[in-house]
Amino acid sequence: MIYIDHKYIRLLSSQLSHFKQKADELYHFRCPICGDSQKNQYKARGYVFRSKQSLIFKCHNCGDSRSLGNLIKYVDSTLHSQYVMEKYKSGVSSKTSTPKSEFQFEQPKFTSKLSKLSKLSGAGAVRLSDLPDGHIANQFVENRKLPHDRTRGLYYIDDEEKLELLSHKYKDRIAGHTARLLLPFCDKEGNMTGLTGRALDNKGLRYLTLKFNPDTEPLIFGMENWDGRKPTIVVEGPLDSLFLRNGIAVGGSDFGRLSGLVGKENTTIVFDNEPRNKEIVSSMAKIINAGWTICIWPEKVSEKDINDMVIAGQSAEEIEGMINKNKFTGLQAKFKLNGWKKI
Ligand SMILES: [Zn+2]
């Protein structure tokens with residue numbers, strides 16, 4: 001019944017300053033909640049756009065986020081009663097004429113992924129694919145040259161404190177208000193087990209990581225899409241793993257958490273390129289001793305991680321090829337590590 005939402009945003013439009021329809025499912029106008037930019041009266045940073053089966057409102061000036069219904073209620077309560085009535089009637093008629101829910105066609109795996117969606121959107125996060133191109137989260141994706149097909153399913157939250165809603169464990173424990181790009185961690189079944197939030201401003205910590213269930217498998221990013229039968233590359237950073245075909249990330253340099261979950265056969269461990277970092281060099285030695293295959297970056301690589309290499313102009317395919325050409329085990333790996341380290 002999204003057509004009712006479209007009908008009512010148009011009915012409301014005469015009361016919205018600088019209203020414009022920008023695309024099929026995207027409208028923008030000056031935010032009626034905060035009054036929008038005080039410096040520039042032409043700036044319009046209130047957006048209405050599609051999120052799943054309805055339209056939602058979001059202001060990029062004040063950060064307000066609410067359903068279309070609540071926006072209508074705020075601006076025009078009479079129109080809101082009509083909207084509620086029409087929604088109600090259409091709900092009743094669609095229930096009697098089409099008893100099947102539209103979600104019955106989805107695969108079972110997708111159903112469990114929906115729980116991640118509803119949890120995150122329930123806390124006020126928005127999928128990047130539901131945000132306009134110029135939004136700071138999409139700008140970050142653009143600036144970091146992250147692959148769009150992989151980032152569409154990531155989320156944005158305008159205030160990290162809202163993440164407290166995701167778990168009792170974090171109630172009153174998140175003090176900052178940083179806006180973040182959210183990377184949800186899921187298990188193989190697609191259930192969300194934690195998340196990492198990358199700060200989009202320079203205020204808070206660069207990364208904030210939450211783990212929802214202490215008894216669950218250790219946090220590994222990308223497990224829901226991982227194919228254990230194919231060659232696997234494991235990196236430190238979740239964002240770096242997005243460039244790889246069958247890549248996962250441990251979200252740090254603790255690759256020990258892979259044991260029991262990811263086999264050593266067919267797996268390559270890729271640390272960031274930090275030959276001057278004592279701790280990293282000693283972690284690499286430990287991983288080699290444990291029998292893993294490891295990538296030792298060639299001398300010519302000066303960038304710190306895969307994302308920086310992409311920004312410097314290399315393609316994801318070239319980087320994956322370079323990893324495969326520079327992977328070693330055992331004594332050979334130890335020898336290569338000794339030549340590579342700069343400490
Ligand atoms: Zn606003």
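Through how many residues does a hairpin join β1 to β2? The hairpin joins β1 to β2 through two residues.

## Basis of the model

This is a predicted model, in which local features need pLDDT of at least 70 and side-chain atom pairs count only at pLDDT 80 or more, while totals for chains, interfaces and linings use all residues. Residues are numbered from 1 along each chain as its sequence is written.

Helices (H or I, at least four residues) and strands (E, at least two) are DSSP runs, numbered from the N terminus.

## Domains

The protein is divided into domain 1 (2–105), domain 2 (111–211) and domain 3 (226–340). These bounds come from an automatic or database domain assignment. Taken over C-alpha atoms, the centres of domain 1 and domain 3 are separated by 46 Å.

## The hairpin strands

Strand β1 covers residues 20–23 and strand β2 covers residues 26–29; the two run antiparallel and are joined by three bridges. Two strands are said to pair if DSSP finds at least two bridges between them. Within this pair, K20 stands opposite H28 in β2.

Strands of a sheet pair through backbone hydrogen bonds, either parallel or antiparallel.

## Two open sheets

Strand β9 (residues 192–199) runs antiparallel to β10, and five bridges join them. T196 stands opposite T209 in β10.

A further open sheet is formed by five strands in the order β12-β11-β13-β14-β15, and here the pairing is mixed. The edge strands are β12 (247–249) and β15 (327–328), each pairing on one side only. Inside this order, strand β13 (residues 267–270) and strand β14 (residues 293–295) pair in the parallel sense over two bridges. T268 stands opposite T293 in β14.

## Helices α1 and α2

Helix α1 (residues 2–12) and helix α2 (residues 68–75) have axes that come within 11 Å and cross at roughly 25°. Axes are lines fitted to C-alpha atoms, for helices over the stretch in contact, and angles run from 0 to 180 degrees between N-to-C directions. Because of this angle, α1 is roughly parallel to α2; angles under 35 degrees count as roughly parallel, over 145 as roughly antiparallel, 65 to 115 as roughly perpendicular and the rest as oblique.

The contact is made by D5, Y8, I9 and L12 of α1 and by L68, I72 and V75 of α2, where two residues are in contact if their C-beta atoms, placed from the backbone, lie within 7 Å. By class, this contact has six nonpolar, no polar and one charged residues. Ala, Val, Leu, Ile, Met, Phe, Trp, Tyr, Cys and Pro count as nonpolar, Asp, Glu, Lys and Arg as charged, and the others, Gly among them, as polar.

## Helices α8 and α11

Helix α8 (residues 278–289) packs against helix α11 (residues 330–340) at an angle of about 170°, with the axes 9 Å apart. The two helices are therefore roughly antiparallel. M284, A285 and I288 of α8 make the contact with A333, K334 and L337 of α11. By class, the contact of α8 with α11 has five nonpolar, no polar and one charged residues.
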